[in-house]
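Here's a short walk through a protein model. Have the picture open as you read, and let's take it one piece at a time.

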Amino acid sequence: MDLQGGGVSVMYGPVHEMNGGWCWWGATGYNTNDATRHNLYIDLYRDMYQYFTYTKGLNNLIWVWSPDANRDYQTNYYPGDAYVDIVGIDAYTPSPTAQVIKDAYNNLSGIGKPMALAEIGPNEGSEPNYDYQALITAIHTDYRLSLIQT
């Protein structure tokens, strides 16, 4: 049985962390602001969306777009409201309460889409006991939460 046929929704986050320079679809260097690169990425993302949605007929994909919190020019790569269901934040930091996560949240929440912490975890310089409870506390105290009521 395929997932769509089984009524299973899939959170799909292709070509993430595009504002970082470590993937072929991303920035050309550390914190580079290259409008040509932004437009190429947006075209790639939209082409993928069109292909999966219309050519392949996949209507069970929840499209997650997530730049890296540690790099600038996050919204320059935004493919548009019609192509994104959830905006995510990818952040590897020494602390789960790092200001960079809050800054990315504040920056990206302006898009007006539901938000997710898509990838959160310790970086190489982190304390050995990365305090995920501190992240949960920060979510409750530092971020606007809205509950979906059915």
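Keep in mind that this is a predicted model. Let's start where strands S1 and S2 run side by side: they pair in the parallel sense over three bridges.

Now zoom out. Those strands belong to an open sheet of four, ordered S1-S2-S3-S4, with parallel pairing. S1 and strand S4 (115-122) sit at the edges with a single partner strand each, so one side of each has no neighbour in the sheet. From one strand to the next, the twist averages 30°.

Helices pack on this sheet too. H1 touches S1 and S2, and its direction makes about 170° with that of S2. H2 touches S2, S3 and S4, and its direction makes about 165° with that of S3.

What about the inside? The largest nonpolar core has 30 residues, and Tyr41, Tyr45, Trp65, Val87 and Ile89 touch the most other members. Helix H1 (35-55) gives the largest share, five residues. Take valine 87: leaving aside residues up to four places away in sequence, its contacts include Trp65, Tyr78, Leu108 and Ile111.

One last stop is glutamate 17, in the loop between strand S1 (10-12) and H1. Is glutamate 17 buried or exposed? With a relative accessible area of 8%, glutamate 17 is buried, because buried means under 20%. Its C-alpha atom is separated by 9.5 Å from that of alanine 91, 74 residues apart along the chain. Among the residues glutamate 17 touches, not counting those up to four places away in sequence, are Trp22, Ser66, Asp90 and Glu119.

Technical notes: Residues numbered from 1 in each chain as written. Predicted model: local features only at pLDDT ≥ 70, side-chain atom pairs only at ≥ 80, totals over all residues. Heavy atoms only, no water. Core = buried A, V, L, I, M, F, W, Y, C linked by side-chain atoms within 4.5 Å. Buried < 20%, exposed > 50% of the residue type's maximum accessible area, 1.4 Å probe, protein only. Helix = DSSP H or I, 4+ residues; strand = E, 2+ residues; numbered from the N terminus. Contact = heavy atoms within 4.5 Å. Pairing = 2+ DSSP bridges. Axes fitted to C-alpha atoms, helices over the stretch in contact; angles between N-to-C directions.
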